[in-house]
Amino acid sequence: MIVVEDLVKNYGSFQAVKGINLKVEDGQIVGLLGPNGAGKSTTMNIITGYISATSGSVEIDGYNIMAEPMKAKSRIGYLPEIPPLYMDMTVLSYLKFVAEIKGVVKKERLAEVKRVMKITKITDRAQRMISKLSKGYRQRVGLAAALLGNPPILILDEPTVGLDPSQVVEIRELIRSLAHEHTVILSSHILSEVSEVCDHIIIINNGTVVAEDTPENLSRKYSNQSHVAMEIKGDKESIGEVLDSIDYIESYEFGASEDGVQEVNLLLTTDEDRNDDLFYLFAGKKMPVRKVSRESLSLEEVFLKLTGEEKPQKEEDVDVEAEDAEGTETVEETESVETAEDNKEDNDKEEE
C-alpha cells in the first residue's frame with residue numbers, strides 16, 4: 001500500500017505540489033493523470049525517492065520514504081519513460097548487473113533473471129546486445145529490470161511511448177497480468193490506454209488531486225445526467241405532444257430525421273434515471289423507441305473538463321526543468337544523450 005499525506009514540493013517561490021493526499025491499495029492498477037506542469041511527475045519522483053519533498057510524508061508498505069529510504073525503495077520497481085539501459089551490454093549481463101545492484105542473493109541471481117526474462121518474454125534475446133534491440137524489446141528489458149527482486153509495487157512512467165500498435169497491445173496485456181502479484185501505478189498521456197488498463201484513476205491539476213475514482217464512476221459523476229438523447233419513430237408533432245405532457249422535461253430539441261425516426265435531445269429537471277419511463281410511455285403511444293441514453297463522458301472528456309486542457313499534451317513537468325536548473329543530471333537523461341544516435345536507428349527496427 002502507498003499512502004501519501006499532505007505532500008508539498010517547492011522550487012524556490014514556485015509550488016509544484018500543493019498538499020497532495022492519496023492512497024493506493026494493494027493489487028490495484030492506478031492511472032496517474034495530469035497535464036503539463038500539473039505536478040504529476042514530481043509526485044511520482046517523490047514516491048520513488050528520486051527527489052525529496054518540502055513537507056508531507058510518503059509511506060511504502062509502512063516504510064517512510066525519507067526516514068527508511070532503503071527499506072521503502074526495496075519495495076518499488078520503477079520503469080522511467082526512458083529506461084536507463086547500457087547499450088554495450090547483452091540483455092543477460094545487464095539484468096545480472098541490475099540484480100546485483102538490487103541486492104539479489106548471488107546464488108539466486110541467475111534464477112531471478114531467468115524468471116523476469118520469462119515474464120517479459122525476452123528469454124530468446126538474452127545474448128543480444130541491447131543496442132541491437134527494437135524499441136519494444138528495450139521497454140521489455142527495462143520492465144524486466146523493474147521486476148527484479150519481485151517488488152510488490154511497480155511504478156511505470158509512459159511504458160508504451162514510442163511503441164507500434166502491436167507492441168502497445170503486448171505491453172498492456174503484460175501490465176494487466178502483473179496486477180495479480182503487484183500494485184501498479186501507471187502514468188500515461190494515452191487516456192484510452194489508462195481507461196483500458198487501470199481500475200482506479202487519480203487526476204492531478206495545479207499541484208492538487210482534483211478527482212479520483214474508477215473510470216466508470218468518474219464518467220458517471222462528471223456527466224450531466226439530466227441530458228437524455230432519444231431516437232423515436234413517429235412524426236414530430238405527435239412526439240412533441242407526448243413530451244409536452246411530461247412534467248419532468250424542462251425542454252427538448254429535435255435533431256436529424258431519417259426513415260421516420262426522429263432524434264430528440266431532452267433536458268430533464270431531475271438527475272434521476274427516467275429512461276425506462278420514457279421508453280414505456282412512447283411504446284404505449286405506438287411510437288417505437290430506437291434509442292434512449294443519458295450523457296456519458298469518456299475518460300478523455302472528464303480529463304479535459306477537470307483540467308481545462310484543450311487536448312492532452314506530452315508532459316515536460318516542472319520538476320525536470322527545476323532539476324536541470326540546479327545542474328542535476330538524471331540517469332535517464334545521461335543514457336538518452338549517450339545513446340541518442342543508436343536509438344534513432346534502432347527504435348523502429350526489429351532485429352532479424
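This is a predicted model: local features need pLDDT of at least 70, side-chain atom pairs count only at pLDDT 80 or more; totals for chains, interfaces and linings use all residues.
Residues are numbered from 1 along each chain as its sequence is written, and side-chain values use heavy atoms, without hydrogens and water.

Two packed helices are described by the angle between their axes and the distance between the axes. H3 covers residues 91-101 and H4 residues 106-119; they pack at an angle of about 120°, with axes 10 Å apart. Axes are lines fitted to C-alpha atoms, for helices over the stretch in contact, and angles run from 0 to 180 degrees between N-to-C directions. The crossing of H3 and H4 is right-handed, that is, the near helix is turned clockwise from the far one by less than a right angle. Val91, Leu92, Leu95, Lys96, Ala99 and Glu100 of H3 make the contact with Arg109, Leu110, Val113, Val116 and Met117 of H4, contact being heavy atoms within 4.5 Å. By class, eight of these residues are nonpolar, none polar and three charged.

A second pair of helices is H8 (residues 215-222) and H11 (residues 299-307), which pack at about 55° with axes 9 Å apart. H8 and H11 are therefore oblique as well, and their crossing is left-handed. Here Leu218, Ser219 and Tyr222 of H8 meet Leu299, Val302, Lys305 and Leu306 of H11.

The largest pocket holds about 1100 Å³ of space. A pocket is an open set of points on a 1 Å grid where a 1.4 Å probe fits, with protein on both sides within 12 Å along at least five of seven lines; lining residues have an atom within 4 Å of a point. Which residues lie nearest the centre of the largest pocket? They are Ile76, Tyr78, Val98, Ile101 and Lys102, out of 31 lining residues. H3 gives the most to this lining, with four residues.

How values were computed:
Helices (H or I, at least four residues) and strands (E, at least two) are DSSP runs, numbered from the N terminus. Ala, Val, Leu, Ile, Met, Phe, Trp, Tyr, Cys and Pro count as nonpolar, Asp, Glu, Lys and Arg as charged, and the others, Gly among them, as polar. Grid points are joined across faces, edges and corners, and a volume is the space filled by probe spheres set on the points. Angles under 35 degrees count as roughly parallel, over 145 as roughly antiparallel, 65 to 115 as roughly perpendicular and the rest as oblique.
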